[in-house]
Amino acid sequence: MLKKRRRTVRDEGRFSVLDIIKDVLCFFLWVGCTAGYVILLLLILSFVTLSYLHFTIEGILITGAVSGGIAGVYYIIKIVRKYRRA
């Protein structure tokens, strides 16, 4: 039995609207998950090291936002490269 071959971007020569919508939704998911992960990691680290490392909640939120921004820039660069290759 032959498998159906998935159509790729190179087969069609262009991107569909569904591809662009998926990329936009994944961008927000990527940034949110990255910021949430960093915030959770710093909160756990703060609770475990109780008196040794003192993080304020503002510092934790700022660090999460900055890391989310960096992840967003990385994702945008990755998507631009993808669209230019096609």
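A word on the model before the close-ups. This is a predicted model, in which local features need pLDDT of at least 70 and side-chain atom pairs count only at pLDDT 80 or more, while totals for chains, interfaces and linings use all residues. Residues are numbered from 1 along each chain as its sequence is written, and side-chain values use heavy atoms, with hydrogens and water left out.

**View 1. The whole chain, for orientation.** The protein chain has 3 helices and 0 strands, and its elements run α-α-α from the N terminus on. Helices (H or I, at least four residues) and strands (E, at least two) are DSSP runs, numbered from the N terminus. Of the chain's 86 residues, 17% count as buried. Buried stands for under 20% relative accessible area, exposed for over 50% and partly exposed for what lies in between (1.4 Å probe, protein chains only).

**View 2. Helix H2 against helix H3.** The two helices pack at an angle of about 150°, with their axes 8 Å apart; the axes are lines fitted to C-alpha atoms over the stretch in contact, and angles run from 0 to 180 degrees between N-to-C directions. That angle makes H2 roughly antiparallel to H3 (under 35 degrees is roughly parallel, over 145 roughly antiparallel, 65 to 115 roughly perpendicular and the rest oblique). H2 passes H3 in a right-handed crossing, the near helix being turned clockwise from the far one by less than a right angle. The residues of this contact divide into 19 nonpolar, 6 polar and 3 charged. Here Ala, Val, Leu, Ile, Met, Phe, Trp, Tyr, Cys and Pro count as nonpolar, Asp, Glu, Lys and Arg as charged, and the others, Gly among them, as polar.

View 3. The structure holds 4 aromatic pairs. Rings of Phe, Tyr and Trp (its six-membered ring) pair if their centres lie within 6.5 Å, and planes under 30 degrees apart count as stacked, over 60 as edge-to-face and the rest as tilted. Phenylalanine 27 and phenylalanine 28 have ring centres 5.3 Å apart and planes at 70°, so this pair is edge-to-face. Phenylalanine 27 also forms a tilted pair with tyrosine 75, at 6.1 Å centre to centre and 45° between the planes. This second pair links distant parts of the chain, with phenylalanine 27 in helix H2 and tyrosine 75 in helix H3, 48 residues apart. Phenylalanine 27 is partly exposed at 22% relative accessibility, whereas tyrosine 75 is buried at 8%. Ring pairs join Phe27, Phe28, Trp30, Tyr74 and Tyr75 into a cluster.

**View 4. Threonine 49 in its loop.** Threonine 49 lies between helix H2 (17-48) and helix H3 (57-85). Its relative accessibility is 16%, so threonine 49 counts as buried. The side chain of threonine 49 reaches the backbone oxygen of leucine 45 at 2.8 Å.

**View 5. Two leucines of helix H2.** Leucine 41 is found in helix H2 and is partly exposed at 46% relative accessibility. Its C-alpha atom is separated by 9.7 Å from that of glycine 64, 23 residues apart along the chain. Leucine 43, also in H2, is partly exposed at 26%. The C-alpha atoms of leucine 43 and threonine 56 are separated by 9.5 Å, with the two residues 13 apart along the chain.

Note on methods
Polar contact = N/O pair within 3.5 Å; in protein donor to acceptor, adjacent residues only side chain to side chain.
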